[in-house]
Amino acid sequence: MSARNESSIHEHRPLIFDATLTLLDRQVLDRNDEPVCTVDDLELSGDLHDGVEFPVGGPRPRITAILAGPVLVTRVFGGRPPRHLWERIDWGDVERVGVMVKLRLAAEALNVGWTESWLRERIITRIPGGRHESE
Amino acid sequence: MKKVLGLALGILTAIGGFVDIGDLVTNGVVGSRFGFGLAWSTLLGVVGICLFANMSGRVAAVSGRATFELIRERLGARVGLLNLVASFLINLMTLTAEIGGVALALMLASSVNYLLWVPVAALALWLVIWRVKFTVLENVTGLLGLCLIVFAVALFLLGPDWGEVVKQAVSPHLSQTESPATYWYYAVALFGAAMTPYEVFFFSSGAVEEKWSLKDLSQSRMNVLVGFPLGGLLSLAIAGCAAVFLMPKGIEVSSLSQLVLPVAAAGGKLAVAFVLVGLFAATFGAGLETTLSSGYTLAQFFGWSWGKFRSPARAARFHVSMMICLLVGIAVLMTGIDPVMVTEMSVVFSAAALPLTYFPILVVANDPDYMGQYVNSRLVNIAGQIFLVIVVAASLAAIPLMIITGAGK
């Protein structure tokens with residue numbers, strides 16, 4: 001395993017990385033190393049619109065959340081999904097950023113995984129053997 | 001001793017698992033039309049798949065990441081999504097062809113129309129994916145697929161003039177009825193059939209499924225470097241049987257049953273029994289691989305949990321997407337479309353899509369963030385780049401050649 005750029009984001013010294021390069025499109029894992037989603041987009045503080053520069057000398061933007069789900073469509077085709085459709089993971093729940101992004105929470109505690117749990121309850125567990133490991 | 005057995009098992013499954021409906025049909029058609037004149041294309045494809053399967057296996061073992069996760073990370077959302085759409089649709093086409101292949105194999109064995117077998121085949125594929133452990137499904141279909149060795153036996157029994165075979169393979173010349181365009185069209189098709197991208201999706205995801213570590217790498221390398229070339233020889237034997245038996249009679253392969261004719265003539269009923277089991281196992285095994293690959297590509301792109309090592313409840317989206325893909329496959333086949341034609345299309349489109357898979361693998365295999373000290377060696381990189389040129393050339397030529405030749409007619 002390459003652990004070169006594994007780093008805890010809550011260390012005291014500031015961590016410098018290129019968010020587009022090392023954060024976007026990375027796999028997000030929950031507390032138990034179960035895949036949750038990919039980093040489809042990032043939410044920054046100071047809600048700026050596309051094409052608007054951050055003011056020089058003003059407060060620096062901070063990453064406030066990882067976004068997943070519907071924002072992928074708009075990231076590819078342009079536009080923004082309405083706020084109530086955002087699937088957010090609060091940046092405070094991020095434990096580590098490396099080749100993958102690791103969270104402090106279990107997947108069940110996040111609303112990002114609602115399609116997974118919906119399909120699990122509506123379809124998979126209603127088919128015999130759905131809860132069992134393969135034999 | 002256990003190690004030796006493991007190695008033997010791995011190699012045998014690699015041989016048996018190498019051939020799928022695309023290889024069967026394309027090699028049969030090519031053998032019956034061009035004799036041994038296109039053997040070089042199969043050999044080239046085998047070298048390519050060895051090189052890149054090995055690379056993707058190493059990436060999976062070192063970084064714990066399967067191919068499509070990396071495609072997304074390296075290419076970004078936009079290009080990655082385009083890649084996903086193309087790769088997924090082509091894989092779906094291959095999956096449809098494999099279901100059709102299973103149904104055709106069952107029809108040969110039972111004389112019941114293949115359309116009745118299609119839903120049965122798809123249901124069986126689903127049941128195995130739902131319940132059977134990864135290693136079991138891989139080993140059983142691989143070992144049964146070894147029955148196809150009967151093609152090699154039949155070739156020897158048919159007793160061609162080996163000097164003439166070598167002459168044909170080394171200096172191919174076209175018969176009166178074939179044009180250079182069809183020759184190159186089938187060269188690309190054979191190359192595509194040998195290097196079908198799902199093999200890499202499946203191989204790298206399988207490495208994650210079986211939790212390969214660096215220690216397992218040398219064994220996987222042996223499996224690939226010994227098993228795939230032997231599987232390639234099997235492909236050549238299929239083409240060879242068609243070349244020796246069907247070509248002189250002027251029969252051009254257009255169905256699976258014609259593929260069996262040379263074996264029946266050479267080896268009688270027993271050989272036919274072997275061929276039928278082999279055809280079933282090869283297409284069924286590839287059906288499992290392509291079904292899983294459709295789930296793998298989607299899940300890895302969107303970051304869902306996936307894998308046979310999880311119970312279906314812990315990989316719900318993965319399993320639901322595979323069910324949908326199987327249903328789509330059934331629906332397409334039920335229109336009465338000729339499965340052999342679907343197969344030929346899938347092989348050519350696979351050839352066109354090759355760079356989409358192989359370029360990102362080459363990039364990641366050189367990225368020290370993922371690979372640490374296990375990045376590609378210089379030699380592998382040189383070979384990889386040479387192959388990338390060939391792959392791009394084949395990909396650019398595939399669709400134009402299909403249009404010019406009217407799909408090889």
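**View 1. Strands β5 and β6 of chain A are joined by four bridges.** Strand β5(A) covers residues 63-68 and runs antiparallel to β6(A). A:Ala68 has A:Glu87 of β6(A) as its bridge partner. Strands are DSSP runs of E with at least two residues, helices are runs of H or I with at least four, and both are numbered from the N terminus. The model is predicted: local features need pLDDT of at least 70 and side-chain atom pairs pLDDT 80 or more, while totals for chains, interfaces and linings use all residues. Residues are numbered from 1 along each chain as its sequence is written, and chains are lettered from A in the order in which they are written.

**View 2. An open antiparallel sheet in chain A has the strand order β4-β5-β6.** Strands count as paired if DSSP finds at least two bridges between them. β4 (41-44) and β6 (87-90) of chain A are the edge strands, each pairing on one side only.

**View 3. Helix α13 of chain B spans residues 316-334.** Its buried residues (20 or more other C-beta atoms within 10 Å of their own, C-beta atoms being placed from the backbone) include B:Phe318, B:Met322, B:Leu326 and B:Leu333. The buried residues of α13(B) pack against α3 (114-122) of chain A and against α4, α5, α12 and α14 of chain B. After α13(B) comes B:Gly336, with a positive phi near 90°.

**View 4. Chain B touches chain A through 30 residues, in contact with 30 residues of chain A.** Contact requires C-beta atoms, placed from the backbone, within 7 Å. On the chain B side, α4(B) gives the largest share, eight residues.

Methods:
The expected span of a helix is 1.5 Å times one less than its number of residues. A residue is buried if 20 or more other C-beta atoms lie within 10 Å of its own, exposed if 12 or fewer, and partly exposed in between; C-beta atoms are placed from the backbone. Two residues are in contact if their C-beta atoms, placed from the backbone, lie within 7 Å.
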